[in-house]
Amino acid sequence: MSGFMNSVEELLTTISGIVWGPPFLILILGTGIFLTIRLGFLQFSTLPYALKLAFSKQDKKSDGDISHFQSLMTALAATVGTGNIAGVATAVVIGGPGAVFWMWISALFGMATKYGEAILAVKYRVQDERGRMAGGPMYYIEKGLGWKWLAVLFAVFAAIAAFGIGNTVQSNSVADVLDSNWNVPTWITGIILSILTGVVILGGIKSIGRVVSFIVPVMAVFYVVGGLIVILGNIDLVPAAVGSIVSDAFTGQAAAGGAVGVVIQYGVARGVFSNEAGLGSAPIAAAAARTDYPGRQALVSMTQVFIDTIIICSITGISLVIGQNFVSSELDGAPLTAATFEYFLGPAGSIIVSVGLIFFAYSTILGWSYYGERCIYYLFKTYKAVFAYRVIFVIAVFFGAVVQFGIVWSLADTMNGLMAAPNLIALLGLSGVITAETVRFRKRMKEEKNGTATWNK
């Protein structure tokens with residue numbers, strides 16, 4: 001049986017390597033660069049306003065199911081997960097410190113990508129049979145580009161991807177860290193996570209929104225504070241760590257095989273895995289937000305990449321690079337991050353990572369369950385199919401906790417790439433729409449600043 005599993009893992013790793021090869025890296029980074037230039041580097045000039053908007057009072061007049069804040073928290077719930085802890089560790093182990101630099105690059109341009117996704121999601125969203133908002137790449141591909149076949153492909157890939165990036169990877173990492181630190185059997189972790197997931201997702205997006213709006217801020221602050229203690233407590237080592245990250249990004253000396261291509265590949269892949277810019281997942285949550293202009297929600301969605309990668313992943317990455325000379329090189333994934341924090345903070349460090357990972361992973365599972373079920377609804381147009389999907393999704397949480405680590409990550413990487421391709425094609429094809437909506441909203445922003453704006457549904 002182990003021989004068969006190893007063969008499956010090798011096959012998935014090979015496929016993942018092809019999917020995340022140079023053509024796809026060029027496509028995903030190129031899309032972000034193209035939108036950044038076409039939008040006039042909007043992600044940098046509007047970031048302060050976008051952050052203020054994300055945490056401002058709720059819009060109760062506009063159409064939508066959840067608030068700006070709940071939409072952001074749902075998107076963050078789906079992205080702030082094992083990618084921030086286990087994914088960054090894997091990138092540093094295989095790609096070297098330089099992988100962190102390419103995570104930063106993918107995030108900076110990915111903010112423009114995320115902005116474009118959200119604008120299209122809100123513009124082309126529809127109401128389903130229960131009066132709930134339904135939107136995302138499958139809708140703007142069909143309604144905007146007019147290519148239903150490509151929309152169907154995205155929905156199929158995303159519904160399957162939800163079982164990887166948003167399900168089995170998460171439960172697997174939780175089971176791994178709990179087994180390593182506290183000897184909790186993986187099957188017990190799987191059962192508990194499955195029950196907790198089922199309790200919440202049966203309530204739909206409003207239930208998910210309420211839960212993650214509480215969990216995400218608490219868990220993010222909890223983990224960030226722990227990471228900052230590690231970094232500030234070793235501030236004398238930070239300059240060398242950052243220098244190593246930047247220099248290795250262009251030399252690849254610390255990467256497996258010593259190739260710069262490996263550094264870029266793992267940096268971008270893990271960066272996208274973490275913030276999901278270009279995947280087309282977060283716009284599904286953006287479409288459910290109460291907002292008067294697509295551009296307003298797009299700015300809120302854009303902040304997700306900044307919080308996820310520029311803040312949280314950076315804390316993990318810098319901490320790992322600082323600890324490379326002190327922690328066993330045989331570790332990987334979440335156990336490596338936990339060991340690093342424990343080295344600097346004692347037993348409390350391991351607890352911070354373990355508890356943070358549990359909540360990160362749980363919230364990610366909740367967020368991705370919504371993404372997957374929206375894709376299923378698009379494909380079958382019935383809530384009976386959605387209910388069946390939820391049941392299977394809950395069961396998959398258990399199996400994710402007990403399967404091999406390598407298989408889970410390779411499957412997740414492969415599905416991420418497959419679902420991203422149709423979405424990136426749509427973003428490039430509809431870039432004119434994104435620009436036009438941005439111009440329209442900029443005019444609105446100017447009116448609001450001058451006090452001449454009137455409410456517009």
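The model is predicted: local features need pLDDT of at least 70, side-chain atom pairs count only at pLDDT 80 or more, and totals for chains, interfaces and linings use all residues. Residues are numbered from 1 along each chain as its sequence is written, and side-chain values use heavy atoms, with hydrogens and water left out.

Start with the salt bridges. Side chains of opposite charge can pair when their charged atoms come close. Here a salt bridge is a side-chain nitrogen of Lys or Arg within 4 Å of a carboxyl oxygen of Asp or Glu. The count by this rule is 7.

One of them joins arginine 296 to glutamate 448, with the closest N and O atoms 2.6 Å apart. This pair links distant parts of the chain. Arginine 296 sits in helix H16 (residues 294–322), glutamate 448 in helix H21 (residues 431–450), and 152 residues separate them. Helices (H or I, at least four residues) and strands (E, at least two) are DSSP runs, numbered from the N terminus.

How covered are the two partners? Buried means under 20% relative accessible area, exposed over 50%, and partly exposed in between (1.4 Å probe, protein chains only). Arginine 296 has a relative accessible area of 9%, so it is buried. Glutamate 448 is at 31% and therefore counts as partly exposed.

Glutamate 448 also forms a salt bridge with arginine 444, where the closest N and O atoms are 3.2 Å apart. Both residues lie in helix H21; because they are 4 residues apart, about one helical turn separates them. Arginine 444 is buried, with a relative accessible area of 7%. Which residues make up the network of salt bridges here? They are Asp292, Arg296, Arg444 and Glu448.

A further salt bridge pairs glutamate 373 with arginine 390, at 2.8 Å between the closest N and O atoms. It too links distant parts of the chain: glutamate 373 is in helix H18 (residues 347–380) and arginine 390 in helix H19 (residues 383–402), 17 residues apart. Both partners are buried.

Now the rings. A pair of aromatic rings is described by the distance of the centres and the angle of the planes. Rings of Phe, Tyr and Trp (its six-membered ring) pair if their centres lie within 6.5 Å; planes under 30 degrees apart count as stacked, over 60 as edge-to-face and the rest as tilted. The whole structure holds 17 aromatic pairs. Among them is a tilted pair of tyrosine 293 and phenylalanine 441, 5.9 Å centre to centre with 45 degrees between the planes. Tyrosine 293 is in the loop between helix H15 (282–286) and H16, phenylalanine 441 is in helix H21, and the two are 148 residues apart. Both are buried. Elsewhere, ring pairs link Phe101, Trp102 and Phe250 into a cluster.

Last, the surface. Patches are made of residues with over 30% relative accessible area and no salt bridge; like charges are joined within 9 Å, nonpolar side chains (Val, Leu, Ile, Met, Phe, Trp, Tyr) within 5 Å. A nonpolar patch of about 1000 Å² includes Trp187, Val199, Phe387 and Val403. Helix H11 (186–201) and H19 each supply at least two of its residues. H19 gives the most, with 5. Valine 199 lies in helix H11 and is exposed, at 63% relative accessible area.

Arg130, Arg132, Lys206 and Arg210 form a positive patch. Arginine 132 is in the loop between strand E1 (126–127) and strand E2 (133–134). Its relative accessibility is 30%, so arginine 132 counts as partly exposed.

Technical notes. Areas by Shrake-Rupley, 256 points an atom, 1.4 Å probe, with all protein chains shown as cover. Lys, Arg positive; Asp, Glu negative; His and termini not counted. Charge placed at Lys NZ, Arg CZ, Asp CG, Glu CD.
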